[in-house]
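Welcome, and thanks for taking a look at this model. Let's walk through some of its packing and its open spaces together.

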Amino acid sequence: MGGEAKLFRAFAYHKLVHLFGGVPLIIDEVTSPKSDFTRASRDEVLRQIIQDATDAAASLPNVGAVKDGKLNKAVANHLLAETYIVIKEYDKAIAAATEVIQNSNLRLMTERFGSLRTQPGDVYYDLFRVENQNRAAGNMESIWVIQYELDVIGGGLTSSGSALNNLERSVAPAVFSISDPSGRGAMLDNASASTLNGGGRGVSFVRPSDYYLYDVWGLDPKKDNRVLDPAVTDIRTSPFNIVRDFIYNNPASPQYFGKSLLDFPAPNWLSAGWRWYPYPSKVTTPGQHPAGLIADATKLTLRNTAGATFRDMYMIRLPETLFLRAEAYLLKGDLVNAAADLNAVRARAKAAPVLPSEVTLDYILDERARELMFEEDRRLTLSRMGKLVERVRKYNPLNSGNISDHHALFPIPFSEIEANKDGNLEQNPGY
């Protein structure tokens, strides 16, 4: 089996083991019906991930030698670092992460670049603009990027707004539904604007939590956070990267025209069906939607079929590898080097450095949220670190009373247990 195939298998088991625990370990192709599977132990699955990723690291080319979107040696070493942490082999985790960080021709982007580099913004904003995700665009921190192609076989369709990534529709506010306190539509033609303040064509399926919008930045949601605390210099919460203001622009309502939603008491907007909240601009591509989705170029309005996020999608960026090495250093007891890796990312963000004495697993999780929100598989990270139940209880008021200890793992689907009639596929405890 080739390096790419082994690495894909390793990634599949990486997902399975942290969501379900031990699962059947299938190393050879199954060519006939089989109904007597048994679950391997969690440790056996983790060891297989390490074996496959090790083989892949030995055979795959470096990231700079492959076409954008292809698996490469850095992907394998990143997965090795993450898995070695789980089995508490911290020196091996550090070595694998170091191979990525120091020997893969990767570096954090620190200057403006790419398609909107001459427009207002900052380097973090640039990371998420159209055409900016790949090494071909000069992005030297990309390790693995899923390629999004528009209007080709296998790609998304402009006509339906379909894409690999529908973050805009799911996360961005449904500004087209907002009414002002007098009942008038808040947007011109009551349609969503293709601008930073408009948020694309969101429908508010997922509202970011106060933990992400306020807590990790040290902000108070009860105060007017359009003007950030002067102590908060982190560009990742700048107005370009977390849009906290929405300007009302309906001249038919002179008493409100040109004002922000935050100029009005929240209850008035809530009673009028307010669906505005701060949101990360990385979930959309303001001003960069395909021409086929523009309803009115003069008014910058979008068709109701919009909602996809029209850019390539990060699977792994260099900051995550730095966070993994920081985690390994912390668990080994080397807080100085752990802080140094965190501060490499924080320095790019113009954030105050963290002191070694401040580094904890919870701090690393907070830093991952600041840098990787809507990029990393957060549940997988929390499950891997044994923090899922604890953090949900602490930071998710909607579910804090509903999550039990056994929810750290998913249940094994009953359909799988039932179909495995000649074996014993045990259910996870608690289900």
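## Aromatic pairs

Tyr212 is buried, and Trp217 is buried as well. Keep in mind as you read that this is a predicted model. The structure contains nine aromatic pairs. One of them joins Tyr125 and Phe240 in a tilted arrangement, with 6.0 Å from centre to centre and 50° between the planes. Tyr125 belongs to helix α5 (residues 123-126), while Phe240 sits in the loop between α7 (210-213) and β2 (242-243), so this pair ties together parts that are 115 residues apart in sequence. Tyr125 counts as buried, at 6% relative accessibility, whereas Phe240 is partly exposed, with a relative accessible area of 27%.

Tyr212 and Trp217 make an edge-to-face pair, at 6.3 Å centre to centre and 70° between the planes. Why edge-to-face? The planes are 70° apart, and an angle over 60 degrees counts as edge-to-face. Elsewhere, Phe8, Phe11 and Trp144 make up one aromatic cluster.

## Charges over rings

Which ring does the charged end of Arg129 sit over? It is the ring of Tyr125, and the charged end of Arg129 is 4.0 Å from the centre of that ring.

A second case involves Arg317, which lies over the face of Tyr314 at 5.3 Å from the ring centre.

## Around Asp126

Asp126 is placed in helix α5. Is Asp126 buried or exposed? Asp126 counts as buried, at 0% relative accessibility. Leaving aside residues up to four places away in sequence, Asp126 touches Arg112, Phe113, Leu116, Arg117 and Asn132.

## Enclosed cavities

How many cavities of 30 Å³ or more are there? The count comes to three. The largest cavity holds about 80 Å³ of space. Its lining is made of 14 residues, and Val63, Asp68, Gly69, Arg135 and Ile143 are the ones that lie nearest its centre. By class, the lining of the largest cavity has five nonpolar, five polar and four charged residues.

The second largest cavity has about 40 Å³ of space. Some names from above come back here: Tyr212 and Arg129 are among its lining residues, along with Tyr124, Phe128, Arg236, Asn241, Pro280, Ser281 and Lys282. The lining of the second largest cavity divides into four nonpolar, two polar and three charged residues.

## The largest pocket

Now for the open side of the picture. The largest pocket has a volume of about 850 Å³. It is lined by 25 residues, with Ser209, Tyr211, Met373, Tyr395 and Asn396 lying nearest its centre. The elements that contribute two or more residues to this lining are α7, α11 (361-372), α12 (378-384) and α13 (388-395). Which element gives the most to the lining of the largest pocket? That is α13, with four residues. In terms of class, the lining has 14 nonpolar, three polar and eight charged residues.

Leu398 is found in the loop between α13 and α14 (414-419). Leu398 is exposed, with a relative accessible area of 72%.

## Positive phi angles

Two loop residues are worth a stop on the backbone tour. Glu131 is not a glycine, yet it has a positive phi of about 75°. Glu131 sits in the loop between α5 and β1 (142-146), and it is exposed, with a relative accessible area of 60%.

Asp151 is another residue other than glycine with a positive phi, here near 60°. Asp151 lies in the loop between β1 and α6 (167-171). Asp151 is partly exposed, with a relative accessible area of 45%.

## The whole chain

To finish, step back to the overall view. The protein has 14 helices and six strands. Of its 431 residues, 53% count as buried. Among contacts between residues at least 6 apart in sequence, 67% join residues at least 24 apart.

Notes
Residues numbered from 1 in each chain as written. Predicted model: local features only at pLDDT ≥ 70, side-chain atom pairs only at ≥ 80, totals over all residues. Heavy atoms only, no water. Phe/Tyr/Trp six-rings, centres within 6.5 Å; stacked < 30°, edge-to-face > 60°. Buried < 20%, exposed > 50% of the residue type's maximum accessible area, 1.4 Å probe, protein only. Lys NZ or Arg CZ within 6 Å of the ring centre and 35° of its normal. Contact = heavy atoms within 4.5 Å. 1 Å grid on protein atoms, 1.4 Å probe; cavity = no way out; pocket = protein on both sides within 12 Å on 5 of 7 lines; lining within 4 Å. Points joined across faces, edges and corners; volume = space filled by probe spheres on them. Nonpolar A, V, L, I, M, F, W, Y, C, P; charged D, E, K, R; others polar.
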